[in-house]
Amino acid sequence: MNRDYKLLLKQHIGKPDSPCVQEGDWVERGERIALADGRGADLHASVSGTVIEVNSEDIVIRGKKPEHDLFRQLPPGELRERIRSAGIVGMGGAGFPTGIKLSQEISGGTVIANAAECEPILNHNVTQIEANPDEVYRGLVYAMEAVGAASGIIAIKAKHRQAIAQLEKVIRDERITVFPLRDLYPIGEERALIRDTLGILLPPEARAITANTIIINTETLSRVTQAVELGRPVLSKNITVAGRLRGGPKAQVLMDVPIGTRVGDLIEAAGGIDGDYGEIIMDGPFMGHSVTQDDVVTKTTGGIIVTMPFLQAKSPLGLLVCACSASEARMRELAKKMGAEVAGVEVCKHAVYARGSLKCRNPGVCPGQADRVLRLRKAGAGSLLIGNCSDCSNTVMSLAPKLHIPVHHVTDNAMRAMNLHLIRKLQK
Amino acid sequence: MSITFETAKQHQNDPAVLCCLRTKGTIISASDLEDPSIFPDLEESGLLNIPEHGLTIGQVLGATLERDADSMTPLTPELVSHISENQMDELESEKITTSPNTGEDPTHETQVIRFNIDKLVGQIELPPGLNVNALPFATTASKKAEDKVIRTLTQRAYPVDQVCVGAETSFQDKVLTIREALCEESLKADPLVKNVELDIIRPEDRHIYSNTIMDVIPIATKVEGILGEGVTHVMNGVIVVLTGVDEKGIQVHEFGSCEGYLDEKIRFGRPGSPDSEDIMIRVNVTVQENTGMERRGPFAAHKACDSIIQEIRDVLKDAPADASTDQKVFRDWKKSGKPRVILVKEIMGQGAMHDNVLLPSEPAGVIGGRRNVDLGNVPVVLSPNEVRDGGIHALTCIGPATKEVTRHYFREPLVNLMAEDEEINLAGVVFIGSPQVNDEKSYVSARLGALAEALDVEGAIVTTEGFGNNHIDFAGNIEQIGRRGIKVVGVSFCAYQGQLVVGNKYMDAMVELNKDPEGFENEILADSTICPTDAERALIMLKTKMAGVPIEPANRKWSQEVIDANEQLMS
C-alpha cells in the first residue's frame with residue numbers, strides 16, 4: 001500500500017536543506033533529494049516513489065515501504081567524504097551533522113560511544129547493540145580513524161549485562177574499552193559522560209572537544225558503518241514505541257523505520273492506541289515534546305510514547321525547571337494540560353545559560369533544592385511540577401512531602417502509562 | 001542549597017546540614033552543605049531540626065560520612081568520622097601574629113627596622129622619637145586639603161501671619177492677599193481642569209474634610225540667579241496643599257489615598273508636611289472624569305495650582321530685603337581630600353501620577369522643568385543646592401505615608417546633612433526614576449552604576465519612596481553600585497507591610513523609615529518619610545561601612561527595637 005512520507009528539510013542543527021527534486025519526479029530509495037546549505041546534512045529519499053510536494057519545509061514522497069534494504073549507493077569516496085555525504089546526524093537527539101563532527105582532529109584523544117540511553121522507557125539503542133554489536137564497534141573504529149583518536153570508550157549502563165558481554169566479545173582492538181555507567185538520569189549527558197569516564201568536569205560553556213573528546217551516539221555509529229561499508233545514506237531510524245498501546249503497556253523497538261513515517265502510522269504498526277490518552281510524546285519522557293499523529297519521524301526521533309490521561313491539579317503549581325529536562329515552555333504546557341495555574345517558576349541553582357540553552361554545572365549531582373521549594377511555596381504554589389534529574393528529584397522528595405506539598409514530575413504520565421516507578425525518591 | 005568554600009568559611013561556626021542525599025564514604029565539602037542563611041526558613045517550615053550536639057561547618061569539612069544520609073540531615077558525631085579539630089584553625093584567617101621584638105633601641109639612626117609581614121592588614125605604629133626621614137619609604141605627605149565653595153544660595157524668609165482672598169494679589173506687612181478671580185483663571189492652565197477652588201485653613205480650623213492630598217508645595221521664588229544659586233525668597237508660615245478628585249468624585253490616587261479630616265490625615269512637622277503653625281492654602285482641583293489615573297489628569301491639576309502660586313511668587317519677588325526676618329545660606333562644596341559620595345534618590349516614574357518635574361524655572365514650580373518619565377527615568381544629577389532650591393516638583397500618589405512631596409525635597413534632611421558633613425564630599429544628588437517595566441528598570445539601574453563609577457565615588461546612599469514595585473529598582477540600583485566596589489547604604493520604608501521582595505548581597509546596610517507602630521502604610525501624609533534622625537542613621541551607617549566596620553546582619557523580621565537601639569547609639 002502506498003503511503004506519504006514527509007521528509008523535513010531541517011532535521012539537524014543548521015540551516016534547512018535546499019531541495020534538488022521537483023514535484024512529479026520519480027525518486028529511487030537512497031537518491032539525494034535535498035542538499036545541505038552550508039553546515040548541514042544532505043537528505044535522501046527514504047522510500048522509492050513519486051515526489052508529490054516540495055515546499056520550503058519538507059518534501060513529500062508517495063511510495064511503499066521497501067521489503068528489502070535496496071537503495072541507490074553513495075558515490076565512492078574516502079572515509080570522511082562517505083560519512084559526510086550519507087547525511088548522518090547525531091541520532092541521540094542533538095542532530096549535529098556527523099560529517100562535521102568527525103572532520104575534527106583530536107589526535108591522542110578519545111571517542112566515546114554513547115550507549116547510555118538514560119531517558120527512561122527508551123530501549124532502541126541497547127536493542128540494536130544486542131542485535132548487531134559488531135556494526136557499532138566497527139563504527140567506533142571508523143570514527144576514531146576519522147578524527148585521529150588514540151582510544152575509544154563504549155559507555156553503557158552496567159545493568160545491560162547482555163549487551164556488555166556481546167560488545168566485549170566483538171572488541172578486537174585493545175584501544176577500545178567498555179565503561180559501565182550508573183543507572184541515573186542524565187548519565188548520558190555529554191559533560192556527565194566525560195566526567196564519569198575521564199574524570200574531567202567541563203564548565204557549562206565548554207564543548208566535548210575541550211577535553212579532546214568526541215561523543216557520538218551508538219546508532220549514529222552503526223549508520224557510519226553502513227555508509228562506509230555499504231554506501232548507505234541515512235534512510236531509516238530505530239525507534240522505541242511505548243505507552244498506552246493495545247496489548248498492554250509495552251516498549252516495542254521498531255528497527256529501520258523510514259524517515260518521514262507518520263507518527264500515527266507508526267503507532268498503528270505497534271498495535272494502536274488503547275483508549276484514552278494524555279498526549280503523544282516524541283523522544284524521551286524528560287526531554288521529549290508533544291506531537292500529533294500527523295507529525296513525522298526524523299533522523300533524530302528516538303521514541304514515541306502515548307501517555308496516560310492527565311491528572312487535574314488541585315492547586316496552583318510551582319514549576320522547578322532543570323537544565324537537563326523539560327524547558328519552562330514545555331512545563332507551562334504541561335501545567336495547562338493539568339488545568340493548573342502557574343504560581344511561580346524557579347530554576348535549579350545548577351542551571352546556567354551557556355551556548356544558547358540551560359546547562360547544568362554538574363549534571364546529575366544535586367546542589368540542594370530547599371530554598372527553591374520554599375520560594376515556590378511562598379509564591380503560592382500548592383503543589384509542584386518538577387523536571388529534575390534523579391538526584392535533584394530525590395532532594396525535592398525529602399522536602400516537599402514534609403511541607404504537605406504534592407509533587408508532580410514531567411515524566412509522570414509517560415511512566416504511569418508504562419507502569420514504571422515514578423521519578424521521585426531514588427530507588428534503593 | 002549547596003554553598004561555596006567562601007560561604008562555608010563565613011559560617012564556620014554554624015551547624016552543618018546536608019543539602020542533598022550523600023552516600024557513605026563521602027568526604028564532606030562545602031558543596032554538600034546547606035546554606036545556613038536559610039536555616040530560619042527551614043526550621044520555621046518544619047524541614048529542619050538542629051540537634052544540640054550537632055557539628056559545625058568548620059568541624060565537618062574534610063570529615064567522612066559514615067552512612068547514607070538524606071537532604072536536611074544535621075551532621076552529628078555519630079554520622080561522621082575523622083572530624084578535624086584543626087579545621088577551625090586553618091580557617092581562622094584573622095589571627096594576629098606578632099613578630100619577635102628585636103630588643104634593640106629603635107631610635108638608633110643606623111639600624112634597620114625589620115617588619116615581619118604575614119598579611120598586609122592594619123597599621124604599623126612607629127615609636128615616638130623615631131627619625132622618620134631615615135625610613136626607606138615616604139610617610140604620607142600632609143597635603144593641606146582645602147574646601148572650596150562652588151556656589152552659594154541665599155534664602156530670605158518672609159513670615160506670613162494672615163492669608164485672605166481679595167481683589168488683588170498682594171503681600172504686605174505679613175499679610176498675603178490672593179486675587180479671587182485667580183481660581184477661575186487657573187482653569188486655562190489645562191483643558192482637563194474642570195473646577196478649581198481655593199480656601200484658607202488656619203491652624204486652629206483643621207478638623208475639616210478634604211479630598212486626597214496630591215502635594216504640599218512651598219511658596220518660593222527666584223530673585224537673583226538661577227535655581228541653586230543667587231537669592232530666593234520663601235514665605236514662612238504658609239503652605240499650599242493641592243487636593244484632587246475627578247468629575248465622578250473618584251480620588252486622584254490609585255489606592256491608599258488620604259482623603260479625610262486634615263488634622264487626622266497629616267503628620268504635621270515632617271519635612272514634607274505642613275508644620276503645626278502653618279496656614280494652609282488649599283487648592284482643590286476637579287479634573288475631567290477618568291483622567292485621574294492617567295498621566296495627563298494629575299499633571300493638569302499641578303499646572304493649575306502652579307499658575308495660582310506663580311501670581312503669589314510675582315508679588316513675593318518685590319518684597320524688600322529688610323522685611324525678611326531670617327536668612328539661610330546654603331553652599332555647594334568641593335571638599336578635596338574627603339571621600340566622594342553620592343546620594344541617590346529614587347523617584348517614581350511609572351507614569352500617571354507617578355512622575356516628577358525636574359529643575360523647573362521657579363523653586364518648587366512646574367513650568368520650565370522636564371519630567372523624569374519623559375527623560376526615560378535615567379539618572380539625572382542635581383547639586384545639593386539645586387535640590388534645596390526646589391529643584392524637584394513631585395507628583396506623588398499611592399501610599400501617602402511613604403511618598404515624598406514637593407516640600408520634602410525642599411527640606412530634604414539627608415541632602416542637608418550630607419552637604420554640610422565635614423567628613424565627606426557630597427559629589428551630587430542623583431535622581432533616578434522607577435520605570436514600569438522590568439527591562440527598563442534594569443536599564444536605568446545599569447546607567448546609575450556607570451554614573452557612580454564615572455563619578456569615582458567611594459560611597460552612596462540610595463533612598464526610595466513607597467514600597468513594592470519600586471523595591472525592584474531599589475535592589476537593582478544598590479546592586480549596580482555595590483558590584484563596582486562602592487560602599488552603599490539603602491534607605492526605605494519596609495517594616496511589616498513593605499517587606500523587601502527582592503534582595504542581593506550588597507543590601508547589607510539598610511535603614512528603616514517606618515514610623516507606624518504596626519509597620520503599615522497608614523495613609524497619614526508623610527508619616528514614614530525620611531526625618532532628620534533617619535538621615536543621621538543613614539549617614540553613620542555609610543561611614544561605618546566605608547570604614548570597613550562589619551555591619552551585623554539584619555533581623556529576619558522588622559523590629560522597632562533595632563531602630564531604637566541604633567538611635568540610642570547615636571545620641
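**A parallel sheet, the nonpolar cores and the chain contact**

In chain A of this predicted model, 4 strands form an open sheet in the order S18-S17-S21-S22, with parallel pairing. Strands (E, at least two residues) and helices (H or I, at least four) are DSSP runs, numbered from the N terminus, and two strands pair if DSSP finds at least two bridges between them. The edges are formed by strand S18 (342-347) and strand S22 (407-409) of chain A, each of which pairs on one side only. Neighbouring strands of the sheet are turned by 20° against each other on average, direction ignored; axes are lines fitted to C-alpha atoms, for helices over the stretch in contact, and angles run from 0 to 180 degrees between N-to-C directions.

Strand S17 (residues 317-321) and strand S21 (residues 383-386) of chain A run parallel and are joined by 4 bridges. A:Leu319 stands opposite A:Leu385 in S21(A). Helix H9 (residues 328-337) of chain A lies across S17, S18 and S21 of chain A, at about 155° to S17(A).

Residues are numbered from 1 along each chain as its sequence is written, while chains are lettered from A and ligands numbered from 1 in the order in which they are written. As the model is predicted, local features need pLDDT of at least 70 and side-chain atom pairs count only at pLDDT 80 or more, whereas totals for chains, interfaces and linings use all residues.

The largest nonpolar core has 151 residues. A nonpolar core is a set of buried Ala, Val, Leu, Ile, Met, Phe, Trp, Tyr and Cys residues joined through C-beta atoms within 7 Å; a residue is buried if 20 or more other C-beta atoms lie within 10 Å of its own, with C-beta atoms placed from the backbone. Helix H4 (residues 133-147) of chain A gives the most to this core, with 9 residues. Among the residues with the most contacts inside the core are A:Leu384 and A:Val396. Leaving aside residues up to four places away in sequence, A:Leu384 touches A:Val396, A:Leu317 and A:Ile405, among others (contact: C-beta atoms within 7 Å). Another core, of 107 residues, lies apart from it and includes B:Met280 and B:Ile486.

Chain B has 14 helices and 24 strands, and 46% of its 571 residues count as buried.

Between the chains, 15 residues of chain A are in contact with 16 residues of chain B. Helix H10 (370-378) and helix H11 (390-397) of chain A are the elements that give two or more residues to the chain A side.

Note on methods. Contact = placed C-beta atoms within 7 Å. Buried ≥ 20, exposed ≤ 12 C-beta atoms within 10 Å, placed from the backbone.
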